[in-house]
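Subject: Structure for your review

Dear colleague,

Please find below the structure that I am handing over to you. My findings follow it, arranged by topic.

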Amino acid sequence: MKSVLFHPRTRQATTIVLLLFAVATMWAAGEPALQEWVSQARWIALGYLLAGMGLLLFRRTRLMFVCLGCSAAICLFFNELEQKNNNRPAGADPVSRYDSTSHECTAPHQ
């Protein structure tokens, strides 16, 4: 049984399924009929993260990196989508109103 679970073809098929599910989660953001699935995106990303940690325990590093990458991609995608929907520029820090750069005494060329 162990040889079937860790066979390279099984690992490749698992990788493809994991990637397709992550891409489908991000694609669903544009479909109004799939908003229930999109509302669970945080839990899906957390599931990928926990799966990656579980695979780390079993020393399956390739699948672990796939899971962690899918989790990161989902988080980044929905973070950018949220910023776009809030009409904030990407990378804008919500605490930037407390930035002291306009009050610094440093010369501009330094």
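Please note that the model is predicted.

Overall figures

The protein comprises 110 residues, of which 20% are buried. Its accessible surface amounts to about 8600 Å², with 64% of that area belonging to carbon and sulfur atoms. When contacts between residues at least 6 apart in sequence are considered, 50% of them join residues at least 24 apart.

The nonpolar core

The largest nonpolar core consists of 17 residues, and Leu18, Tyr48, Ile74 and Phe78 have the most contacts inside it. Two or more residues are contributed by each of helix 2 (8–27), helix 4 (41–57) and helix 5 (61–85). Helix 5 supplies the largest share, with 7 residues.

Tyr48 deserves a separate remark. Its relative accessibility is 5%, below the 20% limit, and Tyr48 therefore counts as buried. Leaving aside residues up to four places away in sequence, Tyr48 touches Leu18, Phe21, Ala22, Cys67, Cys70, Ser71 and Ile74.

Val38 and its surroundings

Val38 lies in helix 3, which spans residues 35–39. With a relative accessible area of 13%, Val38 is buried. Which residues does Val38 touch, not counting those up to four places away in sequence? They are Thr25, Ala28, Ala29 and Phe78. Val38 and Phe78 are 40 residues apart in sequence, while their C-alpha atoms are 9.2 Å apart in space.

Aromatic pairs

A pair of aromatic rings is described by the distance of the centres and the angle of the planes. The structure contains 3 aromatic pairs. One of them joins Phe21 and Tyr48, with 6.4 Å from centre to centre and 45° between the planes, and this pair is tilted. It connects distant parts of the chain, since Phe21 belongs to helix 2 and Tyr48 to helix 4, 27 residues apart. Phe21 is partly exposed, at 37% relative accessibility, whereas Tyr48 is buried at 5%.

Another pair is formed by Phe77 and Phe78: the ring centres are 5.2 Å apart and the planes stand at 90°, so the pair is edge-to-face. Phe77 is partly exposed, at 31% relative accessibility. Phe78 has a relative accessible area of 16% and is buried.

The salt bridge

Side chains of opposite charge can pair when their charged atoms come close. How many salt bridges does a search of the whole structure find? The search finds 1. The partners are Arg42 and Glu82, whose closest N and O atoms are 3.9 Å apart. Arg42 counts as exposed because its relative accessibility is 67%, over the 50% limit. Glu82, with a relative accessible area of 39%, is partly exposed.

Yours sincerely

Methods:
Residues are numbered from 1 along each chain as its sequence is written. This is a predicted model: local features need pLDDT of at least 70, side-chain atom pairs count only at pLDDT 80 or more; totals for chains, interfaces and linings use all residues. Side-chain values use heavy atoms; hydrogens and water are left out. A nonpolar core is a set of buried Ala, Val, Leu, Ile, Met, Phe, Trp, Tyr and Cys residues joined through side-chain atoms within 4.5 Å. Buried means under 20% relative accessible area, exposed over 50%, partly exposed in between (1.4 Å probe, protein chains only). Helices (H or I, at least four residues) and strands (E, at least two) are DSSP runs, numbered from the N terminus. Contact means heavy atoms within 4.5 Å. Rings of Phe, Tyr and Trp (its six-membered ring) pair if their centres lie within 6.5 Å; planes under 30 degrees apart count as stacked, over 60 as edge-to-face and the rest as tilted. Accessible areas come from the Shrake-Rupley method with a 1.4 Å probe; for residues, only the protein chains shown count as cover. A salt bridge is a side-chain nitrogen of Lys or Arg within 4 Å of a carboxyl oxygen of Asp or Glu.
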